[in-house]
Amino acid sequence: MANTIYTHYPPELDGQQEAFLVQTVKNWTVEHALTVRPSAAIVPSEFNSGNMLATNAPVTLFPSPFPESCFDQARGLQRVYNELYAAIASDEQWLETVLKELIEVDDFLANLWKIYLDVRREGHAQHLSLGLFRSDYMLHTPDDGPKSLRQVEFNTISSSFGGLSCRVAEMHTHLATYPSPQHPIAYPPHPLFNNSEDSPIKTTGRPPVNTAISTLTAGLAAAHQAYGPSKSTPQLPTCVLFVVQDTERNVFDQLALSSYLHKEHGIPSFRLPTSKITAYTTVAGTPERPLIYTPPSDTSTQYEVTVVYYRAFYAPTDYTDAHAWGARHSLERSAAIKCPSVLLQLAGSKKVQQVLTSKPPGPYHLKSFLPKHTDSTLESLRSTFAPQYSLSSSDPAVPAEGIKLALDPATAANHVLKPQREGGGNNIYRSNIPGFLKSIPESQWKQYILMELIHPPKDAKNFALRSDGAAALGNVISELGIFGTCLWRNTPGSTAPEILHNTEGGYLLRTKSKESDEGGVAAGFSSLDSVILYKD
Ligand code: ADP
Ligand code: MG
């Protein structure tokens, strides 16, 4: 059944239908802020003075089919994954053991680790941490086995597109139901849109409601409340601070969260570009170390920051100079709750993900981090892991299994090589792996992990709205992200986090051309999409 679903989807469009659908999507996206600031490659800066233009975010014209059982499994695992990463970020010794040899050769990780050590030496002013997470998966459909859900990565910093993904689900629902679900004008009839009893496919007929905005903002609000009253004398009004990139184009995704945070929770928030942190924030010289923010537009008013929410500082390019590292250090040592802390950011390393895949007779890390969970829950979590390998060999005489697989072109063809980086565009794929490794000193290999490729459905197709305004039909690959939030307290001397808030809610589907290895929307590879669930 699954294969025929992909072969006969999406419905065919004649010229008139396609023109109508494209025009409707172009209008809907701008009307509902499903938008981004255009890149200079699309709108040259002389036509966009003051960076004032907005354009549609890259979107698919139709939602993409996804098996309900795998969607439910991903949702069901999210709170366990949240807890797992809270536990990892609470165990500095374990993290140090795992990351030690990488820190030796990777300046970016070394700088982050140094901030952690400096703050530890001074003493932590805040024992609460917040994670706004997104666990990313693909549907694995090997030729010789059953389909299953496989994790691509777990994001612990700047997990983006919660805001816009809600809008895409709303847009696809509108297209499938306007003016009536029985006779939508924009979509031709298709069994996947028919959720009645007599439909040949058991389907939801339209995307499930996406709750990413309310889930993520409820996480920020829980941390804001848990911070408690102002620690300043005299007391100051409190706020959340969104730390953003100076040249951010994905502004409307972030504004969806800050607007909702104010509207539903009454919490003010401010956007602060990384280059302005030092100018507009200070850490008070009191033992509590509250973080004080002075809005540049009203320097007579000061706020105390309860939560620093990073939508930046995940990539080396965000640290343009020593000031930027100083700014990160200053925020980390303050009393504000960090989303994420340096340790939680490091917990999201690809290396950690690889080490977690080990199982008895070796160390079974899942069991030690999640002692209260049943074996069947841990097995369900484990089943989402693709095989992954270290490229470090402690005994140079015996090459690690990963090194063998990576250097042999025959086995490299089914793998991806990943450095400890976020944000897209960093991986090395398939036949490029052996040559790449040989081009760098062997001492650097341990910075990478090798991961088996996930094989998504071969026949999946969808239309993407291209930046030139035309629609392109092609073979596609989709990646599902599930959002979750976790707030916890660490007790000095203990590695067990006290979990105060742990939620799952909302999803992101990103769909890219089958020819593209990478998957980021912001990086320009993918379109925002939503799911239509089918039972098989
Ligand atoms: P980043 O932190 O840069 O987002 P990812 O691990 O998510 O790194 O990899 C980037 C993209 O590469 C993914 O969005 C996905 O499209 C592709 N990718 C990563 N790992 C795999 C894999 N094991 N199989 C197939 N594609 C993968
Ligand atoms: Mg990714």
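Okay, one definition before we start: here, buried means under 20% relative accessible area, exposed means over 50%, and partly exposed is in between. Keep in mind that this is a predicted model.

So take Phe-20. Its relative accessible area is 38%, so Phe-20 counts as partly exposed. You'll find Phe-20 in helix 2, which runs over residues 15–31.

Let's zoom out. The protein chain has 17 helices and 20 strands. The C-alpha atoms fill a box of roughly 70 × 65 × 50 Å along the principal axes. Of the 536 residues, 56% count as buried. The accessible surface is about 22400 Å², with 53% of that belonging to carbon and sulfur atoms. As for contacts between residues at least 6 apart in sequence, 74% join residues at least 24 apart.

Last stop, helix 14, residues 375–382. Which of its residues are buried? Those are Leu-378, Leu-381 and Arg-382. Looking down the axis of helix 14, the buried residues fall within an arc of 100 degrees, so they line one face of the helix. That spacing makes sense in general: an α-helix has 3.6 residues a turn, so residues three or four places apart point the same way. And what covers the buried residues of helix 14? The cover includes helix 3 (68–89), helix 12 (350–356) and helix 13 (365–369).

Notes. Residues are numbered from 1 along each chain as its sequence is written. Chains are lettered from A and ligands numbered from 1 in the order in which they are written. This is a predicted model: local features need pLDDT of at least 70, side-chain atom pairs count only at pLDDT 80 or more; totals for chains, interfaces and linings use all residues. Side-chain values use heavy atoms; hydrogens and water are left out. Helices (H or I, at least four residues) and strands (E, at least two) are DSSP runs, numbered from the N terminus. Buried means under 20% relative accessible area, exposed over 50%, partly exposed in between (1.4 Å probe, protein chains only). Contact means heavy atoms within 4.5 Å. Accessible areas come from the Shrake-Rupley method with a 1.4 Å probe; for residues, only the protein chains shown count as cover. The arc is that of the directions from the helix axis to the C-beta atoms.
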